[in-house]
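Colleague: Hi, could you walk me through this one? I'd like to go chain by chain and then look at some details.
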Amino acid sequence: MNTPATLAETRDAVVSGARSAVEICREALARIEAANPSLHAFHTVTAERALVRAAEIDGNRNAFRGAPLAGVPVGLKDNICTNGVRTTASSRILESFVPPYDATVVTRLHAAGAIIVGKTNCDEFAMGSSTENSAFGPSRNPWALDRIPGGSSGGSAVAVAAGMTPLSFGSETGGSIRQPAAMCGVFGLKPTYGRVSRYGLLAFGSSLDQIGPLTRTARDAAIALGVVAGADQADSTASHEAVADYAAALTGDVRGLRVGVPSRLLETGVDADILRAVNTAIEALRARGATIVDIELPHAKYAIPVYYLVATAEASSNLARYDGVRYGLRDRQNELDAMYSGTREKGFGAEVKRRIMLGTYVLSAGYYDAYYLKAQQVRTLILRDYAQAFERVDIVAMPTSPIPPFRIGERVSDPLQMYLADVFTVSANLAGLPAVSVPCGFTKRVAPNPAAAAAREGGLPIGLQLIGRAFDEATILRTADAYERDTEWWKQAPPIANR
Amino acid sequence: MLAFAMPTEFTRAQVEAIAELAHLELDHSEVEMFARQLGAILAYADQVQQVDTSGVPPTAYGVGPHSADRPDRVVPSLAIEDVLANAPDSERLRSGGGFFKVPRVIG
């Protein structure tokens, strides 16, 4: 088995001169070309621009000597605006949209020496948990091609899992980085709300949205977060809180760390293999000197209902801008109202319409107090649960997803079942807290390839979720890094990554 | 406790009324589908009614707000031609300005 290079290895090779950025970029483009037809991780591949940029970096090696991402190929979820490169949010309504500006994260990645190689597939407007809601077809899980990669940042997770790029960026509103990271066996980080600028991220739920990296390791995510984090004049919700040296925080030392486990929450509805793997991972932290503390999150069971009331309300407002006037699709020129509704009928897929409808309803006169206001009050109680827990513990550990990746098509007709896949991730978004998913095992059941299965215990990837205090990404990254030092799960790569 | 009736299924008329508010024009099968699904999703979401929230303030943002104060300075913004480039229909003025074009609103 061959583990694809990490971000840190790739960067070090470029900085030391052992490899050229052009050579690494060509390799990434070749991997994409070989594996993308069966995985559909990327919508758009910007090969020419990427090679030009790589040559620039090779030509100015001295200028990029201290660049944290020198020569690192990166894939961006297709809801992050890229100047001059089509940005669709996987929606027909933006099929031909070419932003005239870069998102702040893109500007910062560029300055750090990263090379953007393309735009990755996702659920339409990031609404979904499987990437099946993409108007351009689903992405496939590299561990089992008949299964979903998770979502909504599915393409970004697939790109890293299949060894196409060592780094990609996704966005989260309710688990859309962590859940596909868990299902594809890679590392995913959802920063604290406000840690990373949202400028240039096509808005879904403005009080929940956050951009974050997907990588092979906690160290790689720490490096990437350091590049994109920090205040931004273009986003008033981007925090002025000081940006820590996240990579320096990875000491391997978790002695005395208090890890809270909400065991009662995990009693029902969690796949047996996932529960076993997560409990084993928590034992590994104990063996390294952490203390395990049982905690209660009494309102966590309301996180999904609260989320679908708050997020759909915000989505119905945010998506009002897609009206056929300033950008994107336009249908029916003859009359203004018909143009709005015709454009939106043609341009949006079923899940986006469903959420706009729900959000419109819960915000409408007579229902606002019963749904939206009530949900925001319960959101307060979810926040208080975490605040109380963090008086006794330093981090909270639980599964990322209660279920392993399901088969493509299996849940599309039942949106409610699909929503329940986010049961353990949405509360961190509602509370604004940082959280990671780190690979912690595989399910025993499904073995697509018996020979490969024997080497990795068979089956589908499982993720351990670690949630931290607001703006304390350092502690969850340190814990995940310590766990990676004791385990080899992060080194596993699907067969398709070596073909 | 708020007294209100939770529909487990929406009527076609209700779905069409919501769609009109949202500027969505649904076809027949979508109206049927949403009548069924929206009712089921809302019935699930209705669990929040079980929670006693008396005296609990609402939360709009989990973290923040942050101070958004900044000096009121004129800084460069996007070029008009770049902004209009994505518009389905637009016109540039000789003066350098420009506008988006929409179907006639006033007869």
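Colleague: How many helices and strands does chain B have?

Modeller: Chain B has three helices and two strands, and from the N terminus on they run α-α-α-β-β. Helices here are DSSP runs of H or I with at least four residues, strands are E runs of at least two, and both are numbered from the N terminus. This is a predicted model, where local features need pLDDT of at least 70 and side-chain atom pairs count only at pLDDT 80 or more, while totals for chains, interfaces and linings use all residues. Residues are numbered from 1 along each chain as its sequence is written, with chains lettered from A and ligands numbered from 1 in the order in which they are written.

Colleague: Is chain B spread out or compact?

Modeller: Spread out: its radius of gyration is 23 Å, well over the 13 Å that the globule rule gives for 107 residues, so chain B is more spread out than a compact globule. That radius is taken over C-alpha atoms, and the rule is 2.2 Å times the number of residues to the power 0.38. Along the principal axes, the C-alpha atoms of chain B fill a box of roughly 60 × 45 × 25 Å.

Colleague: And how much of chain B is buried?

Modeller: Of its 107 residues, 20% count as buried. Buried means 20 or more other C-beta atoms within 10 Å of the residue's own, exposed means 12 or fewer, and partly exposed is in between, with C-beta atoms placed from the backbone.

Colleague: Which domains does the assignment give for chain B?

Modeller: Domain 1 covers 12–50 and domain 2 covers 78–107; such bounds come from an automatic or database domain assignment. Taken over C-alpha atoms, the centres of domain 1 and domain 2 of chain B are separated by 36 Å.

Colleague: What about helix H2 of chain B, which of its residues are buried?

Modeller: In H2(B), the buried ones are B:Phe34, B:Gln37, B:Leu38, B:Ile41, B:Leu42 and B:Ala45. They pack against helix H9 (303–318), helix H11 (350–363) and helix H13 (415–419) of chain A, together with helix H1 (12–21) of chain B.

Colleague: How many residues are in contact between the chains?

Modeller: 60 residues of chain A are in contact with 45 residues of chain B, where contact means C-beta atoms, placed from the backbone, within 7 Å. On the side of chain A that touches chain B, H12(A) gives the most, with twelve residues. The residues of that side divide into 30 nonpolar, 20 polar and ten charged.

Colleague: Over to chain A, then. What is its secondary structure?

Modeller: Chain A has 16 helices and eleven strands. The radius of gyration of chain A is 21 Å, close to the 23 Å from the globule rule for 499 residues, so chain A is as compact as a globular protein of that length. Of those 499 residues, 65% count as buried. Among contacts in chain A with a separation of 6 or more, 78% are between residues 24 or more positions apart.

Colleague: Where does strand E11 of chain A pair, and how many bridges are there?

Modeller: E11(A), residues 461–467, pairs in the antiparallel sense with strand E9 (residues 395–399) over four bridges and with strand E10 (residues 435–442), again antiparallel, over seven bridges. Strands pair if DSSP finds at least two bridges between them. A:Ala397 has A:Leu466 as its bridge partner, and A:Val438 stands opposite A:Leu464. Seven of the seven residues of E11(A) are buried.

How values were computed:
Two residues are in contact if their C-beta atoms, placed from the backbone, lie within 7 Å. Ala, Val, Leu, Ile, Met, Phe, Trp, Tyr, Cys and Pro count as nonpolar, Asp, Glu, Lys and Arg as charged, and the others, Gly among them, as polar.
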